[in-house]
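Please read it alongside the sequence and the coordinates.

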Amino acid sequence: MQELSVRHLLGIKDITAEDIQLIFETADNFKDVLNRPIKKVPSLRDITIANVFFENSTRTRLSFELAEKRLSADVINFSSSGSSVKKGETLLDTVNNILAMKVDMIVMRHSSPGAPHFLSRHIDANIVNAGDGTHEHPTQALLDTFSIRERLGNVAGKKVVIIGDILHSRVALSNIFALQKLGAEVMVCGPVTLLPKYIKELGVKVELDVRKALAWCDVANVLRIQLERQQMKYFPSLREYTLYYGIDKKMLDSLDKEIVLMHPGPINRGVELSSDAADSHHSIILNQVENGVAIRMAVLYLLASKK
Ligand code: CP
């Protein structure tokens with residue numbers, strides 16, 4: 001049996017193109033399972049997984065929980081709000097107490113970049129990073145690239161633009177790594193204040209004009225403005241951001257080509273995307289969410305065999 005080169009999924013930076021292909025092929029099989037009347041397999045019947053969330057989530061948390069249940073794992077859920085973290089318990093004490101209950105795997109979201117990497121140096125259980133601050137969100141990038149492959153047949157050679165708040169986005173960084181490993185051309189587009197200074201060192205194109213970016217690409221992955229992570233004002237107002245970077249269906253229809261529209265969610269409707277664009281035939285936003293379950297099943301299944 002083929003296996004992953006890593007025993008934790010901390011980031012896309014740490015895995016190979018072969019790892020990604022293996023995850024995709026495994027997810028193809030699980031997607032078939034999810035389309036059957038009985039959507040469950042006994043693969044992780046002996047495994048207990050803790051979903052440990054120190055930050056809010058809808059898609060990632062529910063998608064991991066469903067993936068775990070579809071694999072017949074036992075599941076416990078921890079949320080920092082309402083927990084003993086509020087009494088001063090540390091991250092490591094919290095996780096070690098969860099592991100003392102005979103838990104095999106930790107899926108963790110945390111607001112601090114590097115938190116899952118820190119954990120991996122102190123605990124034995126497999127760890128999946130479900131988003132660490134502004135750093136990486138590896139399963140999001142895997143489901144995004146899997147969805148591009150599903151819609152366009154291949155990721156290699158495709159032109160993908162990531163539009164919006166690149167500076168605060170873990171989705172952008174993980175997508176850049178995944179797309180490049182799979183042979184796509186990557187562009188980022190946004191106001192200059194929301195582009196990291198080092199961005200060109202990652203080998204991506206940079207475009208400030210959203211209309212030129214849309215004219216260039218096969219796929220546009222549009223990001224949310226992350227006001228909750230912004231320590232200062234990066235643009236005068238949301239209204240002005242929408243004026244220059246907001247995308248609506250008329251813009252997409254006028255391109256005279258097929259374009260695939262993506263968004264990791266949650267969408268700020270009327271800010272980065274109009275409702276008529278988000279809900280248009282260009283959009284594969286809900287396909288991304290659907291594919292997230294199969295991708296997370298694949299990641300958990302493959303990591304469980306890497307003790
Ligand atoms: N895409 C994503 O990570 O969404 P949630 O924050 O709702 O999990």
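The points below are grouped by topic, after a short note on conventions.

This is a predicted model, in which local features need pLDDT of at least 70, side-chain atom pairs count only at pLDDT 80 or more, and totals for chains, interfaces and linings use all residues. Residues are numbered from 1 along each chain as its sequence is written, and side-chain values use heavy atoms, with hydrogens and water left out. Helices (H or I, at least four residues) and strands (E, at least two) are DSSP runs numbered from the N terminus.

**Aromatic pairs**

- A search of the whole structure finds five aromatic pairs. Rings of Phe, Tyr and Trp (its six-membered ring) pair if their centres lie within 6.5 Å; planes under 30 degrees apart count as stacked, over 60 as edge-to-face and the rest as tilted.
- The ring centres of Phe 54 and Phe 78 are 5.5 Å apart and their planes stand at 55°, so this pair is tilted.
- Phe 54 belongs to the loop between strand E1 (48-53) and helix H2 (59-70), and Phe 78 to strand E2 (residues 74-79), so the pair ties together parts that are 24 residues apart in sequence.
- Both Phe 54 and Phe 78 are buried. Buried means under 20% relative accessible area, exposed over 50%, and partly exposed in between (1.4 Å probe, protein chains only).
- Tyr 241 and Tyr 245 make a stacked pair, with 5.5 Å centre to centre and 25° between the planes.
- These two tyrosines, Tyr 241 and Tyr 245, lie four residues apart in helix H8 (residues 238-245), about one turn of the helix, and both are buried.

**Strand pairing**

- An open sheet is formed by four strands in the order E2-E1-E3-E4, with parallel pairing. Two strands pair if DSSP finds at least two bridges between them.
- E2 and strand E4 (126-132) are the edge strands, each pairing on one side only.
- On average, neighbouring strands of this sheet are turned by 15° against each other, direction ignored. Axes are lines fitted to C-alpha atoms, for helices over the stretch in contact, and angles run from 0 to 180 degrees between N-to-C directions.
- Five bridges join strand E3 (residues 105-110) and E4 in the parallel sense. The bridge partner of His 110 in E4 is Asp 132.

**Salt bridges**

- The structure holds nine salt bridges, each defined as a side-chain nitrogen of Lys or Arg within 4 Å of a carboxyl oxygen of Asp or Glu.
- Lys 306 and Glu 3 meet through their side chains in a salt bridge (3.3 Å, N to O). Lys 306 lies in the segment after helix H11 (285-304) and Glu 3 in the segment before helix H1 (17-34), so the pair ties together parts that are 303 residues apart in sequence.
- Lys 306 counts as buried at 15% relative accessibility, whereas Glu 3 is partly exposed with a relative accessible area of 49%.
- Another salt bridge joins the side chains of Glu 150 and Lys 31 (2.6 Å, N to O). Since Glu 150 lies in helix H5 (residues 138-152) and Lys 31 in helix H1, the pair ties together parts that are 119 residues apart in sequence.
- Glu 150 is partly exposed, with a relative accessible area of 39%, and Lys 31 counts as buried at 15% relative accessibility.
- The side chains of Lys 205 and Glu 185 also meet in a salt bridge (3.7 Å, N to O). This pair links distant parts of the chain, with Lys 205 in strand E7 (residues 205-207) and Glu 185 in strand E6 (residues 185-189), 20 residues apart.
- Lys 205 counts as partly exposed at 38% relative accessibility, and Glu 185 counts as partly exposed at 33%.

**Cysteines**

- The structure holds zero disulfides, a disulfide being a pair of cysteine sulfur atoms within 2.5 Å.
- Cys 189 is in no disulfide, and the nearest cysteine sulfur, that of Cys 217, is 9.5 Å away. Cys 189 is buried, with a relative accessible area of 0%.
- Cys 217 is likewise in no disulfide, and at 1% relative accessibility Cys 217 counts as buried.
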